[in-house]
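Me: I've got this one open on my screen. Walk me through it, please.

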Amino acid sequence: VQALPTLSVTGNTSIYVGEETSLSLKFTGQAPYQYQLSNGLSGAASQDTTLVVSPKSTISYTVQQVKNSCGVGQAGSSSS
């Protein structure tokens with residue numbers, strides 16, 4: 001039996017609109033993972049991942065969903 005996944009999102013807490021910044025996605029549990037963030041950004045990953053985003057307005061990035069072959073998991077401790 002494998003553990004359900006968790007996903008933690010970390011990055012700069014404040015940038016100017018239009019600037020690029022990196023978001024680090026850190027997973028636990030068995031890969032591969034599917035994830036969705038609060039802004040609709042979704043994807044698949046087989047390991048910890050870094051995304052580059054360039055927000056057009058004030059926004060927070062939080063974990064909406066993370067899952068693997070064992071089922072739906074939960075947000076990690078630093079999820080925004």
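**Loops, sheets, core and pocket**

Me: Start with S46. Buried or exposed?

Reply: S46 counts as exposed, because its relative accessibility is 55%. The cut-offs: buried is under 20% relative accessible area, exposed is over 50%, and partly exposed is in between, with a 1.4 Å probe and protein chains only.

Me: What sort of model is this, and how are residues numbered?

Reply: This is a predicted model, in which local features need pLDDT of at least 70 and side-chain atom pairs count only at pLDDT 80 or more, while totals for chains, interfaces and linings use all residues. Residues are numbered from 1 along each chain as its sequence is written, and side-chain values use heavy atoms, with hydrogens and water left out.

Me: Where does S46 sit, and what does S46 touch?

Reply: S46 is in the loop between β4 and β5. Strands are DSSP runs of E, at least two residues, and helices are runs of H or I, at least four; both are numbered from the N terminus. Not counting residues up to four places away in sequence, S46 touches A31, P32 and Y33. Contact means heavy atoms within 4.5 Å.

Me: What about the peptide bond into P32?

Reply: From A31 to P32 the peptide bond is cis, with omega near 0 degrees. P32 belongs to the loop between β2 and β3.

Me: Switch to V17. Where is V17, and is V17 buried or exposed?

Reply: V17 lies in the loop between β1 and β2. Its relative accessibility is 53%, so V17 counts as exposed.

Me: Now the sheets. What is the strand order in the sheet with β4?

Reply: β4-β3-β6-β7, four strands in an open sheet with antiparallel pairing. β4 (42-45) and β7 (71-72) each have a single partner, so one side of each has no neighbour in the sheet. Two strands pair if DSSP finds at least two bridges between them.

Me: How many bridges join β3 and β4?

Reply: Four, in the antiparallel sense; β3 covers residues 33-37. Q34 stands opposite A44 in β4.

Me: And the sheet with β1. What order?

Reply: β5-β2-β1-β8, again an open sheet of four strands, with mixed pairing. β5 (49-53) and β8 (74-75) are the edge strands, each pairing on one side only.

Me: Which way do β1 and β8 run relative to each other?

Reply: Parallel, with two bridges; β1 is residues 6-11. T6 has Q74 as its bridge partner in β8. β1 pairs with β2 (residues 21-28) in the antiparallel sense, over six bridges.

Me: Which β2 residues are on the covered face?

Reply: T21, L23, L25 and F27. S22, S24, K26 and T28 make up the uncovered face. In a regular strand the side chains alternate between the two faces of the sheet.

Me: Which residues are the best connected in the largest nonpolar core?

Reply: Of its 14 residues, L7, V9, L23, L25, F27, Y35 and L37 touch the most other members. β1, β2, β3, β5 and β6 (63-68) each supply at least two core residues. A nonpolar core is a set of buried Ala, Val, Leu, Ile, Met, Phe, Trp, Tyr and Cys residues joined through side-chain atoms within 4.5 Å.

Me: What does F27 contact?

Reply: Beyond its neighbours within four places in sequence, F27 contacts T6, L7, Y33, Y35, A45, Q47, D48, T49 and V66.

Me: Last topic, the largest pocket. How much space is in there?

Reply: About 340 Å³. That volume is the space filled by probe spheres set on grid points, which are joined across faces, edges and corners. A pocket is an open set of points on a 1 Å grid over the protein atoms alone, where a 1.4 Å probe fits, with protein on both sides within 12 Å along at least five of seven lines; lining residues have an atom within 4 Å of a point.

Me: Which lining residues are closest to the centre?

Reply: N12, T13, I59, S60 and Y61, out of 18 lining residues. β1 and β2 are the elements that give two or more residues to the lining. β1 has the largest share, three residues.

Me: How many lining residues are nonpolar, polar and charged?

Reply: Eight nonpolar, 10 polar and no charged residues. Ala, Val, Leu, Ile, Met, Phe, Trp, Tyr, Cys and Pro count as nonpolar, Asp, Glu, Lys and Arg as charged, and the others, Gly among them, as polar.
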